[in-house]
Amino acid sequence: MRTMFRVWLAMLATVCAFSATSSRAAELPTIRVGVLQFGTVSWELEAMQRAGLDTRAGIRLQVVPLALKDAANVAMLGSAVDVIVNDWIWVARQRAEGRDFTFVPYSLAVGGIMVRPDAGITGFADLRGKRLGIAGGPLDKSWLLLRAYARRTVGEDAAKWLKPDFVAPPLLNELMFKGELPAGLNFWHYAARLQAAGMVPLLSMEEILATLDVKAELPLVGWVFREQWAASNAAAIRGFLQASAETKRLLRESDEAWLALRPSMKVDDDATFVALREGYRAGIPAATMGEAETVARKVFDILAAEGGAALVGNARTLATGTFWTERADR
C-alpha cells in the first residue's frame with residue numbers, strides 16, 4: 001500500500017510540474033516571426049525550438065509560414081507578424097517614407113557566381129556575350145554589386161556586355177544542371193547546392209566587395225521589426241535576439257544539431273548537406289552593430305548609384321535608426 005502511495009505521489013508531482021511548466025510557457029510573450037517556407041531562416045527557428053532556447057530566453061516563438069518575400073513585407077506592413085527577415089536597404093527605404101522599421105544583422109553577404117565546369121569560363125571577362133542566370137530580379141543586391149564590380153574591373157556595366165537572365169532561384173539551378181545556363185548568380189543556399197553538384201566557383205561576393213573597397217563583413221539580411229513595437233515589448237525582443245544568437249552558436253558548434261534538421265533541408269546526398277551546413281556557418285555575423293552599420297553606409301552609396309530610386313525610394317543615405325541603436329555595440 002505504501003509503495004502504491006509513493007508511486008501515486010510521484011505521478012502527481014510529475015503532473016503538477018508539467019502543468020506548471022505548461023502554464024509558464026503559456027504566459028510567456030509570443031513573438032510572431034514571418035518566415036518564407038523555402039528559406040533557411042526556418043532551419044534556425046526549428047533548431048531554436050528543438051533546443052528550447054526560445055522558452056529559456058523568456059519568449060514563445062510562433063512561426064508564421066509565408067509563400068513569397070512580398071508576402072513577408074505585406075505581413076510586416078500590416079502588423080500581421082512582429083518580425084521578418086529582410087535587408088537593410090528595404091528598412092532604409094521604409095524609414096525614408098516615415099515608417100519606424102529597424103534592423104539587426106542575421107546573415108552576411110556570401111555566395112557568388114558559379115559556372116559549369118564545361119562552360120569554358122575561367123575568369124570574369126569570359127562571361128562576355130554569355131548568359132548569366134540571376135536570382136532576385138534586376139534590383140537584386142548581388143547583381144547591383146556585380147555591376148559596380150564590372151565598372152571597376154572591366155570599365156563597363158555588366159548589363160551591357162553579358163546577357164542577364166532573371167529567373168527564380170530553383171529554376172536557375174535547374175537550368176544550370178541541364179546545361180542551358182553556363183553561369184549563375186544565386187542566393188547562397190542555392191549556390192551551395194550547385195557547388196555540391198560539381199559547379200565551379202568563379203567570383204565570390206567577398207572578392208566583389210573587396211574590389212569595391214569594402215574589406216569588412218557585410219550583413220546583408222537581418223531581423224526586421226518596428227521600433228515602437230520593440231519599445232513596448234523590450235524584454236520580448238531582447239529574449240528573441242538572445243535566443244537567435246544562442247541558436248547560431250549551437251549550429252556553429254554542433255554537427256548533431258544539424259542532423260536533426262536534415263529532413264527539413266530537403267537534401268538527397270551528404271555533399272549537399274555539408275555544403276548547406278558550412279554555408280550557413282560562414283554567414284554568421286561576427287562584427288559589432290556599429291561596425292556593421294559603418295560598412296552598410298558605404299555599400300548603400302554603391303547600391304543607390306546602381307539601383308536608383310527604384311531600389312532605395314526617397315532614401316538618400318542610410319537613415320539613422322536603420323540599425324537598431326538600442327543594441328549598438330552590445
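Author: Leu146 is buried, with a relative accessible area of 0%; the model is a predicted one. Because the cut-off for buried is under 20%, a value of 0% places Leu146 in that class. The residue belongs to helix H6, which covers residues 141-153.

Leaving aside neighbours within four places in sequence, Leu146 is in contact with Ile113, Phe124, Leu132, Leu185, Leu203 and Ile208. Leu127 lies 19 residues from Leu146 in sequence, and the C-alpha atoms of the two are 12 Å apart.

Two of these contacts, Ile113 and Leu185, are also bridge partners, Leu185 being in strand E8. Strand E5 (residues 112-115) and strand E8 (residues 183-185) run antiparallel and are joined by three bridges. Both strands belong to an open sheet of five strands with mixed pairing, in the order E7-E6-E8-E5-E9. Its edge strands, E7 (163-167) and E9 (200-204), each pair on one side only. From one strand to the next, the twist averages 25°.

Strand E5 is also a packing partner of helix H9: the buried residues of H9 pack against E5, helix H2 (41-50), helix H8 (169-177) and helix H14 (270-282). Helix H9 spans residues 188-196, and its buried residues include Trp188, His189, Tyr190, Ala191, Ala192 and Leu194. After H9 comes Gly198, with a positive phi near 105°.

Conventions
Residues are numbered from 1 along each chain as its sequence is written. This is a predicted model: local features need pLDDT of at least 70, side-chain atom pairs count only at pLDDT 80 or more; totals for chains, interfaces and linings use all residues. Side-chain values use heavy atoms; hydrogens and water are left out. Two strands pair if DSSP finds at least two bridges between them. Helices (H or I, at least four residues) and strands (E, at least two) are DSSP runs, numbered from the N terminus. Axes are lines fitted to C-alpha atoms, for helices over the stretch in contact, and angles run from 0 to 180 degrees between N-to-C directions. Buried means under 20% relative accessible area, exposed over 50%, partly exposed in between (1.4 Å probe, protein chains only). Contact means heavy atoms within 4.5 Å.
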